[in-house]
Amino acid sequence: MSDCLFCKIIDGEIPSTKVYEDEFVFAFRDINPQMPTHILVVPKEHIASVAELDSDNSVYAAKCLEAVAKIAKQEGLENGYRVVSNVGEDAGQTVHHLHFHILGGAKMADKMS
């Protein structure tokens, strides 16, 4: 998708700090981190959000979550981390390309808002 920010990052048109890449997934550091470790994991296939997952494209979500586990280990998040995917405007989704936030590196509150 030519106007998608994350598609442009995946294609190298917009610079990012890459932490992981494979055939299905691209992961990079968030430019506005909410925790000491804040990494975005995105599929290389454009899917707008979790709401668009189905039996034809769910492999991309699975590959993203497999990458989350590898990246968390690589980042030394052995005490825990949070994985978040915002879906839609009310949830705060600002880029309409499926992505998972890895948040960690500090103790988090129980409350998620």
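Reader: Where is the place of N79?

Author: First, the ground rules. This is a predicted model, where local features need pLDDT of at least 70, side-chain atom pairs count only at pLDDT 80 or more, and totals for chains, interfaces and linings use all residues. Residues are numbered from 1 along each chain as its sequence is written, and side-chain values use heavy atoms, leaving out hydrogens and water. Helices (H or I, at least four residues) and strands (E, at least two) are DSSP runs, numbered from the N terminus. N79 sits in the loop between α2 and β4 (81–84).

Reader: Is N79 buried or exposed?

Author: Relative accessible area decides that. Buried is under 20%, exposed is over 50%, and partly exposed lies in between (1.4 Å probe, protein chains only). N79 has 79%, and is exposed.

Reader: Which residues are linked in a network of salt bridges?

Author: K18, E21 and K44 are linked that way. Take the pairs in turn. K18 bridges to E21, with the closest N and O atoms 2.9 Å apart. K44 also meets E21, at 2.8 Å from N to O.

Reader: What is the relative accessible area of E21?

Author: E21 has 37%, so E21 is partly exposed. K18 is partly exposed too, at 46%. K44 gets the label partly exposed at 29%.

Reader: How far apart are the closest N and O atoms of K63 and E66?

Author: They are 3.7 Å apart, and the two residues form a salt bridge. Both belong to helix α2. They are 3 residues apart there, so about one helical turn separates them. K63 has a relative accessible area of 26%, which means partly exposed. E66 is partly exposed as well, at 41%.

How values were computed
Salt bridge = Lys/Arg side-chain N within 4 Å of Asp/Glu carboxyl O.
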